[in-house]
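Reader: I like to know what stands behind each label before I use it. Can we take the terms one by one?

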Amino acid sequence: MSDAFARVPALAAQHLLLAMAALALALVIGVPVAIRAARAPRLAGAVLGFASLVQTIPSLALLALFYPALLWIGHGVPALGFLPALLALTLYALLPIARNIVTGLRGLDPAVLEAADGIGMTRAQKLRLVELPLVLPIAMAGVRTAAVWTIGAATLSTTVGQPSLGDLIFAGLQTQAWTLVIAGCVGAAGLALGVDLLLGVAERAAGERRWKRAGAELLLLVAATAAASTPLWRGGGERRVVVGAKNFSEQYILARLIGDRLTRAGYAVTYRDGLGSAVAFGAVAGGEVDVYVDYAGTIWTAEMHRADTPPHAEQLSAIADWVQKSRGVTLLGALGFENAYAFAMRGDDAQRRGIGTLDDLVRVAPQSRFGADLEFLDRPEWAAIRRAYPLRFASATPYAPTFMYRALESGRADVISAFSSDGRIAADRLTVLADPRHAIPGYDAIVLVAPTHREDARFLDALRPLIGRIPVAAMREANYRVDRDRDKQSPEAAARWLAARIGL
Amino acid sequence: MPALSSGPAVAFEQVGKHYGDAAAIDGVSLTIAAGTFVALVGASGSGKSTLLKTVNRLVVPDRGRVLLDARDVADGPAPALRRRIGYVFQDVGLFPHLSVAENIALPLRLAGTPDAARAMAMLDLVELPRAVATRMPAELSGGQRQRVGVARALVTRPGLLLMDEPFGALDPVTRESLAGAVKRLHDELALTTIMVTHDMAEALLLATRVIVMAAGRVVADEPPAALLAGAGGAAAQALVAVPRAQAARLAALSG
């Protein structure tokens, strides 16, 4: 419990910095645009239409879309981390700010504006002395809405590799560590309430024309944000490296295992957790992530677009060549276990219906419900499997990995796309169906290293002892320590256990 | 009529303004001597307000020009022109976020000559207690608000005062008292005053010259006494007939 909350302050600081930077940028863009738009109905239509359209894009997708967009721009523009999160959140914050200012300016009493003209105000004086002071309360309401939205949506920046309180929420959801989820939610809610409170007090003070008080509140907010950002200015002496992890327990554990080794080798390690599968490889190729663990079959199908299934050794050397030549990424080696897609059924169910292979499954598929992980149904592996085995399920439903096992256990699904290194396969007494037609490629866990460390002996030497060292049983056990419902361990603890288990 | 005026003479030369196909003002030419109190009277849509606003360029005419002491109002920037002209209108337009004193003092701030004492003196001039200085406009009655409007219009000592239905939204008692105050200020400050009203009785009682407009044209231009004596033509006499008949009925009731 206290472990989870101990991570809150550092992440909250990053979270606040990101959200306030986005809010500030949205103000810098939104205020002048809204003022112009209020005088030009067509521009107002375009601006508010665009801002509303942005709101209809789910924030998770909006963040994800900035990754390919920035990748496409290239020229050293970072496609992961702070920048895409900042841009997406800024777009998000624009609507309430622009809409309230436009609505406020349009709704001003025409008599007041006529009086302003009548006593000889210039346009600038009218704006400064009359329009802005009168529109301030409604504009502030928009800013407060934007602040709360931005702080909420900033939890999603985890998915593009920007640390935030979302790290706790995503990690907690994956590993069913609910205290982590609660810590993340409480942290984000606390930030939102705090910022809203400060802005509210500032707004009221401004309404009562107590400018010093209003200024003091805003200054406090700026100071808090600045204080939150100070840890980021440090650094210097140590060499900072980033270890990436996709969004499931095994990845969190392996990232900590790698991180611990690098820490011992003298690196200052930070983690980018919860990266999407497609984002992760791009991140290591682009250098935003220094090292992470991927799986041979994933690179094989999703990056190399291969559909054949050669023997493992052949596949690994082909991947090593390809990642080096095409993106400058080093395949340091395989960890020793495989995490393949494995069709799994409840053991008693499989036995009763006499199913041991995917060929057998074809027969009963029309009477079976299929539970897949979130990306499986769209992956090339699924297409390849269906080419080899004409599977037609009664239904196919995507689940978050944890809930997928729950669905199988509770009978809402009859077959799931499990992972062969998952500790729950043994623990839940699941039957893994054989693949006699070899439709599923090898999924050896492989360590991928960013181009900058290609010749970095110190870095590579720190990781080399891991190669070929982790048997699947050890990995399953480590995974189960995090995934099980009782006596759960954190990925950090599981990583320490795994290190001891494999003698490191 | 005061011989010496601080206000300018005003001349309209063939002033026209169209909104689409409809003529709001249709070639009006007038000269108004310095120090005159002119009432522009007419029904709604007669063009009287539009004509008034061509003087301070709240309306820009399509053709013709407006001169103040032989100087075209279109010369120079509009804000500078407007700061030399007092403008009072029906909706007053006090700035709701500023106190009474700040409202009155604002034109001085714009002119770069802030003068709090002058703003307070304006309260005396429009017969408001100095205690209202710190109040916000929303706390005032309609009549008090319009007095503040007049004070704000005159704080920079303009020679010309434009009023667009200044008493239109007030109750009769307040209206009478404020009209008296305006008349007094016109005389004391030796202003040139142009007041738009649809109320012929008000025009007859306040103005030294009554100009009647209909469909964007001037249809009568007479001193009040001449109008009451039957001059000015049918349209003007139709407007004069209303208060005259009311007065006669009141006299009959009391007699």
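Author: We start with contact: two residues are in contact if their C-beta atoms, placed from the backbone, lie within 7 Å. The model is predicted, so local features need pLDDT of at least 70, side-chain atom pairs count only at pLDDT 80 or more, and totals for chains, interfaces and linings use all residues. Residues are numbered from 1 along each chain as its sequence is written, while chains are lettered from A and ligands numbered from 1 in the order in which they are written.

Reader: What makes domain 1 of chain B and domain 2 of chain B two domains?

Author: The bounds come from an automatic or database domain assignment. In chain B it gives domain 1 (10–84 + 160–254) and domain 2 (94–157). Their C-alpha centres lie 25 Å apart. By the 7 Å rule, eleven residues of domain 1 of chain B are in contact with 14 residues of domain 2 of chain B.

Reader: Which helix of chain B gives the most to the domain 1 side?

Author: Helix α6 (residues 172–188) of chain B, with five residues. It is called a helix because it is a DSSP run of H or I of at least four residues; strands are runs of E of at least two, and both are numbered from the N terminus.

Reader: How do you know how many residues of that side are nonpolar, polar or charged?

Author: By residue type: Ala, Val, Leu, Ile, Met, Phe, Trp, Tyr, Cys and Pro count as nonpolar, Asp, Glu, Lys and Arg as charged, and the others, Gly among them, as polar. The domain 1 side in chain B then divides into nine nonpolar, one polar and one charged.

Reader: What does the assignment give for chain A?

Author: Domain 1 (2–230), domain 2 (239–338 + 442–501) and domain 3 (341–432). The C-alpha centres of domain 2 and domain 3 of chain A are 26 Å apart. Their contact takes 17 residues from domain 2 of chain A and 14 from domain 3 of chain A. On the domain 2 side, α13 (296–303), β4 (330–338) and α21 (472–483) of chain A give two or more residues. α21(A) gives the most, seven. That side divides into seven nonpolar, four polar and six charged residues.

Reader: How many residues does the contact take from chain A and from chain B?

Author: 14 from chain A and 18 from chain B. The largest share of the chain A side, six residues, comes from α6(A). The chain A side holds eight nonpolar, four polar and two charged residues.

Reader: Why does the span of α9 of chain B agree with what a helix should reach?

Author: The expected span is 1.5 Å times one less than the number of residues. The 22 residues of α9 (233–254) of chain B should therefore span 32 Å, and the end C-alpha atoms are 31 Å apart, so the two agree.

Reader: Where is the kink in α9(B)?

Author: At Ala241(B), shortly before the proline Pro243(B), and about 30°. The bend is the angle between axes fitted to the seven residues ending at a residue and the seven starting there.

Reader: What makes α5 of chain A mostly covered?

Author: A residue is buried if 20 or more other C-beta atoms, placed from the backbone, lie within 10 Å of its own, exposed if 12 or fewer, and partly exposed in between. In α5(A), 20 of the 25 residues are buried. Helix α5(A) also has a kink of about 30°, at Leu94(A), shortly before Pro96(A). In α9(B), Ala236(B), Leu239(B) and Val240(B) are buried.

Reader: Which residues have the most contacts inside the largest nonpolar core?

Author: A nonpolar core is a set of buried Ala, Val, Leu, Ile, Met, Phe, Trp, Tyr and Cys residues joined through C-beta atoms within 7 Å. The largest has 230 residues; those with the most contacts inside it are Leu89(A), Ala93(A), Val243(A), Tyr292(A), Leu448(A) and Leu40(B). Among the residues that Val243(A) touches are Ala255(A), Ile258(A) and Tyr292(A).

Terms used: Lists of a residue's contacts leave out its neighbours within four places in sequence.
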